[in-house]
Amino acid sequence: MSMLLDRIEVITLFVDDIDEAKAFYQKVFAPASVYEDAVSTVLKFSGTMVNLLRATEAPQLVEPSAVAAPGSGARILLTIRVDDVDAVCAELRKLGVTLLNGPIDRPWGRRTAAFADPSGHVWEIAQELH
């Protein structure tokens, strides 16, 4: 029996304010909600789910590691491939989302832009340059 660890099912993001995080994700990504309780919201993103979990609930999942403090810097970059970065950036701005950087052409053949959710998780949108 071989062990294939090639299917990411759920990405759990530790958030400071569950209601604020849920509102941001609903506004920006408009995903379907799969599960919700007082401390978490699981959202469906195509073939992957994103679990927004109140940071106070995180220690039990990662112990003995510590949960990083809010504002301690980016520790993750989640990338979504799009057809037109500039058009998506225009839509994000209409939603009131502030870009961290971009759009910028990268030397590895992609045009990218990045923004953060209210808890500081960084999302990148990327388009292949031809």
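1. Ala30 is exposed, with a relative accessible area of 59%. In this predicted model, Ala30 belongs to the loop between α1 and β2 (32-36). Its backbone deserves attention: phi of Ala30 is near 50°, a positive value in a residue other than glycine. Most residues other than glycine have a negative phi.

2. Ser46 also calls for comment on its backbone. Phi of Ser46 is near 50°, again a positive value in a residue other than glycine. Ser46 is placed in the loop between β3 and β4 (48-54). With 71% relative accessibility, Ser46 counts as exposed, the cut-off for that class being over 50%.

3. Glu63 and Pro64 are joined by a cis peptide bond, with omega about 10°; Pro64 is found in the loop between α2 and β5. The bond from Gly102 to Pro103 is likewise cis, with omega near 0°, and Pro103 lies in strand β6 (residues 99-105). Most peptide bonds are trans.

4. The overall fold may be summarised as follows. The protein chain contains 3 helices and 8 strands. Read along the sequence, these elements follow the pattern β-α-β-β-β-α-β-α-β-β-β. The C-alpha trace spans about 45 × 45 × 30 Å along its principal axes. Of the contacts between residues at least 6 apart in sequence, 49% join residues at least 24 apart.

5. On burial and surface, 32% of the 130 residues of the protein chain count as buried. The accessible surface of the chain comes to about 8,400 Å², and 53% of that area belongs to carbon and sulfur atoms.

6. Ser40 lies in strand β3 (residues 40-45). Its relative accessibility is 6%, and Ser40 therefore counts as buried, since the class covers values under 20%. Leaving aside residues up to four places away in sequence, Ser40 touches Ile18, Tyr35, Asn51, Leu52 and Leu53.

7. The charges may be considered next.

8. Asp86 lies in helix α3 (residues 85-94) and Arg111 in strand β7 (residues 110-116), so the pair ties together parts that are 25 residues apart in sequence.

9. Glu91 forms a salt bridge with Lys94, with 3.5 Å between the closest N and O atoms. Why are Glu91 and Lys94 separated by about one helical turn? The two residues are 3 apart in helix α3, which means a separation of about one turn. Glu91 is partly exposed, with a relative accessible area of 45%, while Lys94 is exposed, with 65%.

10. A further salt bridge joins Glu128 to Arg110, the closest N and O atoms being 3.3 Å apart. Glu128 lies in strand β8 (residues 122-128) and Arg110 in strand β7, so this pair ties together parts 18 residues apart in sequence. Glu128 counts as partly exposed at 36% relative accessibility, and Arg110 is partly exposed with a relative accessible area of 23%. Through salt bridges that share partners, Arg81, Arg110 and Glu128 are joined into one network.

11. Asp16, Asp17, Asp19 and Glu20 gather in a patch of negative charge on the surface. Among them, Asp16 lies in the loop between β1 (10-15) and α1 (18-29). Asp16 counts as partly exposed, at 44% relative accessibility.

12. Finally, Pro70 may be examined together with Phe14. Pro70 is found in the loop between α2 (59-62) and β5 (77-81), and at 61% relative accessibility it counts as exposed. Pro70 and Phe14 are 56 residues apart in sequence, and their C-alpha atoms are 9.6 Å apart in space.

How values were computed. Residues are numbered from 1 along each chain as its sequence is written. This is a predicted model: local features need pLDDT of at least 70, side-chain atom pairs count only at pLDDT 80 or more; totals for chains, interfaces and linings use all residues. Side-chain values use heavy atoms; hydrogens and water are left out. Helices (H or I, at least four residues) and strands (E, at least two) are DSSP runs, numbered from the N terminus. Buried means under 20% relative accessible area, exposed over 50%, partly exposed in between (1.4 Å probe, protein chains only). Contact means heavy atoms within 4.5 Å. Accessible areas come from the Shrake-Rupley method with a 1.4 Å probe; for residues, only the protein chains shown count as cover. A salt bridge is a side-chain nitrogen of Lys or Arg within 4 Å of a carboxyl oxygen of Asp or Glu. Patches are made of residues with over 30% relative accessible area and no salt bridge: like charges are joined within 9 Å, nonpolar side chains (Val, Leu, Ile, Met, Phe, Trp, Tyr) within 5 Å. Lys and Arg count as positive and Asp and Glu as negative; His and the chain ends are not counted. The place of a charge is taken as NZ of Lys, CZ of Arg, CG of Asp or CD of Glu.
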